[in-house]
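The notes follow the order in which I checked them.

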Amino acid sequence: MPSKTNSYSKPDFWSQKAFKEGYPARSVYKLEEIDKKFGMLKKSSTVLDLGAAPGSWTCWLLRNLGQNGKVVSVDLNPLSKDVKGDNLIFFQGDLLSEEIRNKITEQGPYDLVVCDAAPLTTGNRAIDTARSRALVEMAIWYAQEQLRTGGNFCVKIFQNGDQQKELMKMKEIFSNAKGFKPQACRTESFETYLIGLGKK
């Protein structure tokens with residue numbers, strides 16, 4: 001049986017597909033599958049992409065939004081140089097800083113908020129899931145503050161015992177909230193996604 005390291009370092013079907021289609025990373029197909037299933041993205045939407053680098057989700061959003069849409073992407077790190085568009089606004093900085101929060105607010109409100117951010121992993125599942133949960137809580141806060149009524153939300157979370165607590169919070173904010181694991185997730189990965197539809 002191949003080790004986890006080997007399976008992560010060897011380009012799989014999704015990684016090869018991403019390269020061929022001009023996306024920085026394989027994660028794009030998770031968003032594509034989520035959108036096909038739940039209809040997250042509407043044409044001409046204003047979208048907030050949290051923790052966007054290297055930019056695969058931003059790239060997919062730009063390709064599928066239409067010319068009247070707008071993507072606001074935020075990350076501590078820069079986007080890949082190939083991720084660009086007339087309707088892209090990128091802020092490099094800390095999502096917890098007041099300066100970045102204010103910049104995001106100025107560009108809103110938003111029809112869709114997405115977050116595929118993951119913490120720097122340590123290999124200790126308890127620590128990694130706790131860090132993931134903190135990112136999820138931040139993303140939920142942004143969704144609650146920045147989404148229009150009727151807006152949608154998607155966030156990655158590492159599977160753990162507290163996942164249901166985050167879903168319960170989302171059920172207070174959205175008409176429908178559920179978990180979903182796309183096929184493009186690696187088999188051995190313990191990541192999944194929380195989906196919020198129709199902000200109240």
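I took helices as DSSP runs of H or I with at least four residues, and strands as runs of E with at least two, numbered from the N terminus. The model I examined is predicted.

Secondary structure. I looked up the elements of the protein chain and found seven helices and seven strands. From the N terminus on, I read their order as α-α-α-β-α-β-β-α-β-α-β-α-β-β.

Burial and surface. I noted that the protein chain has 200 residues, of which 48% are buried.

Contacts. I then took the contacts between residues at least 6 apart in sequence; 64% of them join residues at least 24 apart.

Largest nonpolar core. I counted 28 residues here, and those touching the most other members are Leu48, Leu50, Leu95, Ile104 and Phe153. Among the elements giving two or more residues to this core, I listed strands E1 (46-50) and E2 (70-75), helix H6 (125-146) and strand E5 (147-158). Helix H6 provides the largest share, six residues.

Phe153. Which residues does Phe153 contact, leaving aside neighbours within four places in sequence? I found Met40, Leu112, Val113, Ala139, Ile140, Ala143, Leu147, Met170, Phe174, Leu194, Ile195 and Gly196.

Conventions:
Residues are numbered from 1 along each chain as its sequence is written. This is a predicted model: local features need pLDDT of at least 70, side-chain atom pairs count only at pLDDT 80 or more; totals for chains, interfaces and linings use all residues. Side-chain values use heavy atoms; hydrogens and water are left out. A nonpolar core is a set of buried Ala, Val, Leu, Ile, Met, Phe, Trp, Tyr and Cys residues joined through side-chain atoms within 4.5 Å. Buried means under 20% relative accessible area, exposed over 50%, partly exposed in between (1.4 Å probe, protein chains only). Contact means heavy atoms within 4.5 Å.
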